[in-house]
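Here are my notes on the model you sent over.

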Amino acid sequence: MKKVLAFDFGASSGRAMLGIYDGSSIQLKEIHRFSNDPVMVNGTMYWDILRLFHEIKQGLLKAKHESEFDSIGIDTWGVDFGLLDKDGNLLENPIHYRDKRTLGMLEKSFEKLPKTEFYSITGNQFMEINTAFQLLSLKLNRTELLDRTDKMLLTPDLFNFMLTGVKASEYSIASTSQLLDAKKGIWSDKVIETLGLPKKIFAPVVASGTKIGVLSDEICEELGVKKCDVIAVAGHDTQSALVAVPAEEDNFIFISCGTWSLIGTELDKPLINEKSDYYNITNEGGYGGKASFLKNITGLWLIQESRRQWIREGQEYNFSKLEELALGAKAFACFIDPDATEFSSSGDIPSRIREYCRRTGQMIPESVGEIVRCINESLALKYHYALEQISDCTGHVYNKIHMVGGGIQSKQLCQFTANASGCFVTAGPVEATVLGNVALQLMASGQIKDITEARKIIGQSPDIVKYEPKEKEAWEEAYKRYKEIVLK
């Protein structure tokens with residue numbers, strides 16, 4: 001019996017999960033759950049990083065009382081980072097990617113490095129939230145902070161440093177930064193120098209699944225826990241989730257479905273050409289040096305933030321009730337582009353959806369059910385649009401989609417995805433990110449041989465649900481209207 005501890009940080013909460021492997025299956029047990037809320041101070045949105053590290057310690061304590069464990073792995077979302085001085089002290093709380101400091105930074109970066117050349121090096125989808133543009137903002141507005149920086153560590157690497165004292169950049173999380181040379185798998189001197197960033201702040205890149213150190217003496221003494229390995233799992237949660245996609249075929253499409261929806265395929269090497277540049281498709285680094293060729297699409301953030309608005313208005317619905325209300329709403333009444341700029345920041349999303357529909361000459365959704373149905377249909381149609389782009393670049397025709405992550409608990413979204421794409425959808429596992437995190441730790445210790453064996457083990461889960469496409473003609477007609485309204 002092998003036991004490992006996985007920490008997974010999501011958009012609103014974090015968990016410590018004990019992964020238990022008996023040689024044939026992986027069982028998960030939640031040890032500790034905590035909120036993960038950004039904190040606004042003087043107009044800046046920060047990670048509450050010290051409290052979150054305290055929660056990691058609480059997870060270690062609770063896990064100790066539950067069972068001994070052999071290793072620890074941490075995953076978070078991409079792009080965000082902390083800055084350390086030469087003594088290893090945080091210079092300030094890490095700033096959240098939804099902060100407004102990167103507004104206009106894309107255009108400023110292109111003045112220094114032409115967009116096509118930029119993409120040819122990094123192979124990353126251009127989004128203002130990316131690490132490169134956060135650092136460029138510092139260079140232009142707070143250069144004294146960069147001058148004092150010894151190392152920049154992306155969030156999972158920062159937590160690993162706090163646990164071990166080792167400064168390293170794990171490959172998958174580094175690949176979200178728009179600063180990595182996608183073909184070489186190392187930091188790009190060209191991009192770093194052209195943006196005027198100090199080269200010394202970038203830590204060595206290590207492969208996903210690398211043992212980077214052991215729990216520090218200080219933490220072991222403080223918490224009364226035993227020494228254990230700290231594994232740099234695929235620190236980017238999407239790449240940990242991809243390890244857990246139960247695909248048997250070589251050419252498959254996956255959707256990691258949560259606050260963000262990431263739709264793509266797994267390739268042996270990055271695919272960077274004029275077509276992928278035109279479509280703004282990203283190449284992320286994954287386990288085993290693989291490339292994830294994918295599109296980032298705003299996901300269930302729209303539902304989550306709408307729900308928060310309704311709660312502020314005194315109407316509290318759980319997600320099951322929201323789906324029930326959506327089922328009662330008229331089909332294909334109105335559509336939005338989930339990635340439209342007005343939906344990127346927190347606030348009154350339902351009102352912004354109504355304004356979007358008003359501006360585009362559509363029916364204005366008034367009820368809660370109409371808003372939720374609009375979001376789910378629009379997401380499914382945007383997935384189909386991204387799938388067409390990916391297929392055009394790879395030359396493959398895909399007839400099956402693997403959906404994983406918390407978003408698959410929406411049966412409506414899974415069925416809409418099958419309908420919109422005309423593909424069979426295999427939904428599961430829900431806990432793909434944690435299972436991938438656990439599997440990578442087990443592979444690092446040799447308990448699981450390779451990713452093929454890991455996926456086979458995970459694929460035996462009874463929780464995986466299959467959806468067949470339905471209402472083909474109605475969804476094809478809806479897609480035509482969607483493109484006319486949203487993509488014109």
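The points below go from the whole chain down to single residues.

1. Ground rules first. This is a predicted model, so local features need pLDDT of at least 70, side-chain atom pairs count only at pLDDT 80 or more, and totals for chains, interfaces and linings use all residues. Residues are numbered from 1 along each chain as its sequence is written, and side-chain values use heavy atoms, with hydrogens and water left out.

2. Overall shape. A compact globule of 488 residues would have a radius of gyration near 23 Å, and the protein agrees with that at 22 Å. (That radius is taken over C-alpha atoms, and the globule rule is 2.2 Å times the number of residues to the power 0.38.) Along the principal axes, the C-alpha atoms fill a box of roughly 60 × 55 × 50 Å.

3. Make-up. I get 19 helices and 21 strands, where helices (H or I, at least four residues) and strands (E, at least two) are DSSP runs numbered from the N terminus. Buried residues are 60% of the 488; buried means under 20% relative accessible area, exposed over 50%, and partly exposed in between (1.4 Å probe, protein chains only).

4. Contacts and surface. Take contacts (heavy atoms within 4.5 Å) between residues at least 6 apart in sequence: 71% of them join residues at least 24 apart. The accessible surface is about 19,700 Å², with 48% of it belonging to carbon and sulfur atoms. Those areas come from the Shrake-Rupley method with a 1.4 Å probe, and for residues only the protein chains shown count as cover.

5. Helix α12. (The expected span is 1.5 Å times one less than the number of residues.) Its buried residues are Trp-301, Leu-302, Ile-303, Glu-305, Ser-306, Gln-309 and Trp-310. An α-helix has 3.6 residues a turn, so residues three or four places apart point the same way. The cover over the buried residues of α12 includes β18 (291-298), α13 (319-327), α14 (349-359) and α15 (368-394). After α12 comes Gly-314, with a positive phi near 90°.

6. The β17/β18 hairpin. These two strands pair in the antiparallel sense over four bridges; pairing needs at least two bridges found by DSSP. Five residues lie between them, and Gly-288 in the turn has a positive phi of about 75°. Asn-283 stands opposite Phe-293 in β18. Strand β17 (residues 282-285) is covered on both faces, with Thr-282 and Glu-284 buried on one side and Asn-283 and Gly-285 on the other.

7. Strand β7. Here too both faces are covered: in β7 (residues 81-84), Phe-81 and Leu-83 are buried on one side, Gly-82 and Leu-84 on the other. β7 pairs with β8 (residues 151-154) in the antiparallel sense over four bridges, and Phe-81 stands opposite Leu-154.

8. Cysteines. Cys-228 counts as buried at 4% relative accessibility, and Cys-334 is buried at 3%.

9. Glu-111. Buried or exposed? Exposed, because its relative accessible area is 66%. Glu-111 sits in helix α2 (residues 105-112). Its C-alpha is 9.7 Å from that of Leu-195, 84 residues apart in sequence.
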